Amino acid sequence: MKKIQILGTGCPKCEKLAGNAKKAADNLGLDYEIEKVTELSQIMEFGVMSTPALAVDGKVLVVGKVASPAELEKLLG
Amino acid sequence: MDWKAEWKPLFWIIAVFTACFFLPVEAPRVQSAVIESLYLVKWYAQEHVLLCLVPAFFIAGAVAVFVSQAAVMKYLGPKANKFLAYGVASVSGTILAVCSCTILPLFAGIYRMGAGLGPACAFLYSGPAINILAIVLTARILGLEMGIARAVGAILFAVIIGLAMHFFFRHEEAEKAAAAPALGEEEGGRPLWQTALYFASMVGILVFANWGKPDQPTGLWHALYAAKWWITGGFSLALGLMLATWFELGLPRIALAAIPALLSAVILPQYPELAFTFGVVALSVLSNLKSTRDGEMGAWFSESWDFAKTILPLLLLGVLIAGVLLGRPGHEGLIPSQWVASLVGGNSVSANLFASVFGAFMYFATLTEVPILQGLLGAGMGKGPALALLLAGPALSLPNMLVIRSVMGTKKTGVFVLLVVVMSTSSGLIYGTLF
């Protein structure tokens, strides 16, 4: 099971990234869960300064942009 | 009935009913305040949205897509040259802080993983005040000198506040975060000069489409005013050519898209706004074609659209509220002008101090500080206190103080707030004396 974490303080872009990630993971038929990390100090522990960001199993894959579902499929697959 | 769950709606129903029951609709002050706010909204819609905000949204969107945050953050990293870091931190808000929700993570990142406390505070102070939309709107509505004073004041005092914070806490080292900063990959591609020209053409459109009518009917300013639509057209042509070549849209498509705007400019030259609108629509269509939607054109448009979507409703609400409370300049809203004038009129220390403290604690949604300040100025606020509020306002608010406190602790936050208030008060005093 993959743990997809969306890092961001809660602006609309983070929602969009979460939505795109869900779409991509569903398309790939992955077994996953999505978690939102909104606490700033927790986001810092990932080493992320520009939100939104996305981490899979603790590894940061996307920083500072809303990746499209197609891009995310490549990263998650 | 489950009163434990239902008391809340009941409370609200009674509250709203009571408010409606005693609604002072007859009072002349209330009636004129409502009318005032409608006048103000209409004035904004006619004067500021089309020519000023729309291009500004496209520029802000372009900044978000084509300016790489990673490239800027290089200068704010842990190994960065300290002097350079202060300079970069205080000006980089222009391009890094296009959305207010990105400020705090960047601030925390610079503090914990990057150049440290001083540059982080410098960034936090100037960032929200000098983003491209804030400067454009301030200069357009509150006057050019206020716009410039806001930008210069924010940058200058950001460096001072950053250095002061560093000095006060020089013996304390921030606990560094576990991870090294993960920056987005730097996207290569377009050479810098192309990006620069592309931005220049959009800024040119923004500036000349809004060129104000000068007082004297002669001289250079007037000549520029008379030719403003020709110049704007020239910049649009340049932008079109860049899109056709560097952005690979191709000349035929650009030419086709430009036809409605050209036709309207030739047939109805007395309504340049119409041609302008056709141009904007053409650009939007070009960004959403099947072949461009997923590329950089599509990304540019969707960023711009996101800004428009978030900021326009806030601004509409801000203008309405400012109109009801304060009225247009020269008219009164609900709050009597004497109150405003007695609290923040003139340029006394107490007026400046009050404006800074109020600004520091009050939360202003993105850009709404501008219509509110316009109302306050119209009601008799001094120019110095106005600048003080503009400087202290967006940098701090009660909610974001709490977040800052969670990042750097109570003591540092307290000192930072104090510094912001002191610096904003003094810059207000200086500006009020000069102008």
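Two residues are taken to be in contact if their C-beta atoms, placed from the backbone, lie within 7 Å. On that basis, among contacts in chain A between residues at least 6 apart in sequence, 66% join residues at least 24 apart, and the corresponding share in chain B is 79%. The model is predicted, with local features needing pLDDT of at least 70 and side-chain atom pairs counting only at pLDDT 80 or more, while totals for chains, interfaces and linings use all residues. Residues are numbered from 1 along each chain as its sequence is written, and chains are lettered from A and ligands numbered from 1 in the order in which they are written.

**Chain A**

- Chain A has three helices and four strands, where helices (H or I, at least four residues) and strands (E, at least two) are DSSP runs numbered from the N terminus.
- Read from the N terminus on, the elements of chain A follow the order β-α-β-α-β-β-α.
- The C-alpha trace of chain A spans about 30 × 25 × 15 Å along its principal axes.
- Of the 77 residues in chain A, 43% are buried, a residue being buried if 20 or more other C-beta atoms lie within 10 Å of its own, with C-beta atoms placed from the backbone.

**Chain B**

- Chain B has 20 helices and zero strands.
- For 435 residues a compact globule would have a radius of gyration near 22 Å, and the 24 Å of chain B agrees with this.
- The C-alpha atoms of chain B fill a box of roughly 65 × 65 × 60 Å along the principal axes, and buried residues make up 44% of the chain.

**Helix packing in chain B**

- The axes of helix H12 (residues 228-245) of chain B and helix H13 (residues 251-267) of chain B come within 8 Å and cross at roughly 145°, the axes being lines fitted to C-alpha atoms over the stretch in contact and the angles running from 0 to 180 degrees between N-to-C directions.
- This contact is made by Gly240(B), Leu243(B) and Ala244(B) of H12(B) together with Leu251(B), Ile254(B) and Ala258(B) of H13(B).
- Helix H2 (residues 28-66) of chain B and helix H15 (residues 296-326) of chain B pack at about 160° with their axes 8 Å apart, which makes H2(B) roughly antiparallel to H15(B), a term for angles over 145 degrees.

Methods. Rg over C-alpha atoms; globule rule 2.2 N^0.38 Å. Buried ≥ 20, exposed ≤ 12 C-beta atoms within 10 Å, placed from the backbone. Parallel < 35°, antiparallel > 145°, perpendicular 65-115°, else oblique.
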